[in-house]
Amino acid sequence: MATPQSRSYITTPLYYVNARPHLGHSYTTILADTIKRHREQRGIQTTFLTGTDEHGEKIEQMAKSQGRDTREFVDEVANDFRDTWQKMGLSFDIFYRTTDPNHIRAVQHALQTLKDRGEIVFREYEGKYCVGCERFLTDTEVNADGLCPDHLKKPENRKESNYFFLMSRYHQALIDHFEKNRNAIRPEQFRQEMLSFLKQPLGDLCISRPKERLTWGIELPFDSNFVTYVWFDALLNYLVATGWPGAQWDSNLWATVNHFIAKDILKAHAIYWTAMLMALQVKPAQELQVSGWWLVDGTKMSKSLGNVVRPLEMEEKFGRDTLRFYLLREMSYGSDSTFTLENYVNCINAYLANGIGNLVSRVYTIAKKNLGVVDFAEADLTDADRRLLSLRTKTREAWDQGFSELKYQNSLKSWCELVTACDLYVNEMKPWALAKDPTQKERLQVVIGVCLRTIQALGGIIAPVLPNAAREIANALHLGENHFDQIEGAIEDRTHFDLRDEIPKLFMRVQMPQAE
Ligand SMILES: [Zn+2]
């Protein structure tokens, strides 16, 4: 069995089934997929969880408004998520659903444990309730007009008796945890945001909903008149998926968990979830990685605004791997980014079709036509050849640095620079001219060999982001299609290359779709 250090556990949020898969979901899922591939290339066996969050008031109302059976409705949306990620080739290991009986048992176990320990109490409460948020808002949370800042709706006044998790007990422990663990929330701005949030008084968390108002939830094990608040239910998935609370709980895997989320659910993860884990006497998550939002034409995506981008349609229309590349190259992690079709099309053409695609087909065409098999001696490399080859290691280092600093954009930029450097090398060395000169046959072998070594490095380094293109490069160079499963496959000093017959066509140029 692998040691804890050689394993890791990464999660996306469980997506709420009130919407179909859109760009925001895709970004987080694609990023997690990329991280998994990146880590596995470096020998870290990685378990990747995604799934769907299926309980709550909004879901029940939505199914009802469409005249649908709630169960049938959540099954359909959950399948849509699973199919979308599968068709996009995302390598998740666990697709978790909160309506799964095992999850329900584990949530009830957690509730009973906390109740028995005196961490849950029954109280009457009156306050401002936002149906969109599915919770009471505090006075400091409503905006100047008395509206929910996220839903821009006036919260209803509600008076209810409910069960509360005594989160306020963990106020100081949360402050200590986030002060001491600098990597607990990244990028840093979000850790600061949570520390400043914790400067205000911390309330208790209402964790029940009376059944007269909501039946679509997990029943409290100690009071059948209530179901569990959807966040309390859903957050537990991350832990339950590692076998908690059974005897088979893989606590070593749990200890490595990194949650990938977007900033709108930071508080639920940093505050509620961390306090819940503390109360359950389980180690809090190792790391929360927080992204900004994807905006479409400057507005946050939403179905009601009609600006929803469907990820699968994008890849079907513009080519495999293209959305992965665009999203990771475009977003500065932690900040908001704007999706425009024009930028997407330009990105594909500039970096994929005209970039790596053109470089590979250009080098390959000359090599096939004039050589077929490439053989050269290390001793024949010139200074200019060595300069280009040394960039491979630099690019790999910059790539890994970007990943460790969560500056994924920088990783992709440095990779694009290596493509450009290789293109310039081809322009300068003019292999097409060498091919016409019988006295330059050996030099031609060297120049093409240097290009192929560089292309091999480009394929191996980019494999976590462009898995399909990387496989095609490995095939074209006769390396075997799993050659880039280990990062060591990227940078090798081969002096011999066999080439496959077909010239690989990695990416096609695309056009802006015409308005209909
Ligand atoms: Zn709200």
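Glu188 and Arg191 are three residues apart in helix α6 (residues 188-197), so about one helical turn separates them. Helices here are DSSP runs of H or I with at least four residues, strands are runs of E with at least two, and both are numbered from the N terminus. The model is predicted, so local features need pLDDT of at least 70 and side-chain atom pairs count only at pLDDT 80 or more, while totals for chains, interfaces and linings use all residues. Residues are numbered from 1 along each chain as its sequence is written, and side-chain values use heavy atoms, with hydrogens and water left out.

Glu188 and Arg191 form a salt bridge, with the closest N and O atoms 2.9 Å apart. The term means a side-chain nitrogen of Lys or Arg within 4 Å of a carboxyl oxygen of Asp or Glu. Arg191 counts as buried at 3% relative accessibility. Glu188 is partly exposed, at 30% relative accessible area. Buried means under 20% relative accessible area, exposed over 50%, and partly exposed in between (1.4 Å probe, protein chains only).

The salt-bridge count comes to 33. One of them pairs Arg213 with Glu160, at 2.4 Å between the closest N and O atoms. Arg213 lies in the loop between β9 and β10 and Glu160 in strand β6, so this pair ties together parts that are 53 residues apart in sequence. Both Arg213 and Glu160 are buried.

Another salt bridge joins Glu378 and Arg453, where the closest N and O atoms are 2.7 Å apart. Glu378 sits in the loop between β17 (373-375) and α14 (383-404), and Arg453 in helix α17 (residues 441-462); the pair links distant parts of the chain, 75 residues apart. Glu378 is partly exposed at 33%, whereas Arg453 is buried at 1%. Shared partners also join Arg20, Arg68, Glu72, Glu76 and Asp80 into one salt-bridge network.

Next, the aromatic rings. The count comes to 27 aromatic pairs. Rings of Phe, Tyr and Trp (its six-membered ring) pair if their centres lie within 6.5 Å; planes under 30 degrees apart count as stacked, over 60 as edge-to-face and the rest as tilted. Tyr163 and Phe222 are an edge-to-face pair, 5.1 Å centre to centre with 65° between the planes. Tyr163 belongs to strand β6 and Phe222 to the loop between β10 (219-220) and β11 (223-228), so the pair ties together parts 59 residues apart in sequence. Tyr163 is buried at 8%, while Phe222 is partly exposed at 23%. Elsewhere, Tyr27, Trp294, Phe318, Tyr326, Phe339 and Tyr344 form one aromatic cluster.

Charges also sit over rings. The criterion is NZ of Lys or CZ of Arg within 6 Å of the ring centre and within 35 degrees of the ring normal. Arg123 places its charged end over the ring of Phe164, 5.4 Å from the centre.

Now the strands. An open sheet of three strands has the order β9-β11-β10, with antiparallel pairing. Strands pair if DSSP finds at least two bridges between them. β9 (208-210) and β10 stand at the edges with a single partner strand each, so one side of each is left without a neighbour in the sheet. Two bridges join β10 to β11. The bridge partner of Glu219 in β11 is Val227.

Finally, helix α2 (residues 57-65). Its buried residues are Glu57, Ile59, Glu60, Met62 and Ala63. These pack against β1 (7-16), α3 (70-87), β4 (120-130) and β6 (156-165), where contact means heavy atoms within 4.5 Å. Just after α2, Gly67 takes a positive phi of about 65°.
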